[in-house]
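Here is a protein chain to get to know. Have a look at the sequence and the 3D picture, then read on.

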Amino acid sequence: DKPGTSRLLSSTALPPPFPLSTNHPSTATMPPAPPNYAEHTLKLGKFFKEFEQDGVLKYESQLQEVANRSQRVIEVSIEDVASMDVELAQYMRMNTRRYTQ
C-alpha cells in the first residue's frame, strides 16, 4: 500500500454493477456513462465527513490516524458507500483499482 491509498472491502450484498446488455456479449456490465472521477472524489470526501453509524462518524478515527501518519490505509465498507450513493458504489466495484489510488 502507498501513502494516501484506501482499501475497499468487497460485498456480495450489492446488486450487479450495471445491467447486462442484450445487444452484444462484449458490452456486458458496461456502465451507462464513463465515470466522472473528479465528481466521485468530491462525493467520497462528503461521504467520509458525513457517514454516521450509531450516531458516530464511522471513518473519523481512521482519517485522523492517516493525518497523524500512524495509518496508511482507510478500510471502507462498500455497503456504507452504497447506502449513500448506489451508483458510486457500483463504479467502485467495477474499477476498484482506480479508487484505491
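## Ground rules

This is a predicted model, where local features need pLDDT of at least 70, side-chain atom pairs count only at pLDDT 80 or more, and totals for chains, interfaces and linings use all residues. Residues are numbered from 1 along each chain as its sequence is written, and side-chain values use heavy atoms, with hydrogens and water left out.

## The whole chain

The protein chain has five helices and four strands. Helices here are DSSP runs of H or I with at least four residues, strands are runs of E with at least two, and both are numbered from the N terminus. Walk along the sequence and you get β-α-β-β-α-β-α-α-α.

How much of the chain is buried? Of its 101 residues, 29% are; buried means under 20% relative accessible area, exposed means over 50%, and partly exposed is in between (1.4 Å probe, protein chains only). A contact means heavy atoms within 4.5 Å. Take the contacts between residues at least 6 apart in sequence: 62% of them join residues at least 24 apart.

## Helix H1

Helix H1 covers residues 37-50, and its 14 residues should span 20 Å at 1.5 Å a residue. The expected span is 1.5 Å times one less than the number of residues. The end C-alpha atoms of H1 are 20 Å apart, which agrees.

His40, Leu44, Phe47 and Phe48 are the buried residues in H1. Seen down the axis, they fall within an arc of 90 degrees, so they line one face of the helix. (The arc is that of the directions from the helix axis to the C-beta atoms.) On the other side of H1, Ala38, Leu42 and Lys49 are exposed. The cover over the buried residues of H1 includes helix H2 (60-67) and helix H3 (78-84).

## Rings together

Rings of Phe, Tyr and Trp (its six-membered ring) pair if their centres lie within 6.5 Å; planes under 30 degrees apart are stacked, over 60 edge-to-face, and the rest tilted. That rule gives five aromatic pairs. In one of them, the ring centres of Phe48 and Tyr59 are 5.7 Å apart with planes at 80 degrees, so this pair is edge-to-face. Phe48 lies in helix H1 and Tyr59 in the loop between strand S3 (56-57) and H2, so the pair ties together parts 11 residues apart in sequence. Phe48 and Tyr59 are both buried.

Ring pairs also link Phe47, Phe48, Phe51 and Tyr59 into a cluster.

## A serine in strand S4

Ser77 sits in strand S4 (residues 73-77). Why does Ser77 count as buried? Because its relative accessibility is 13%.
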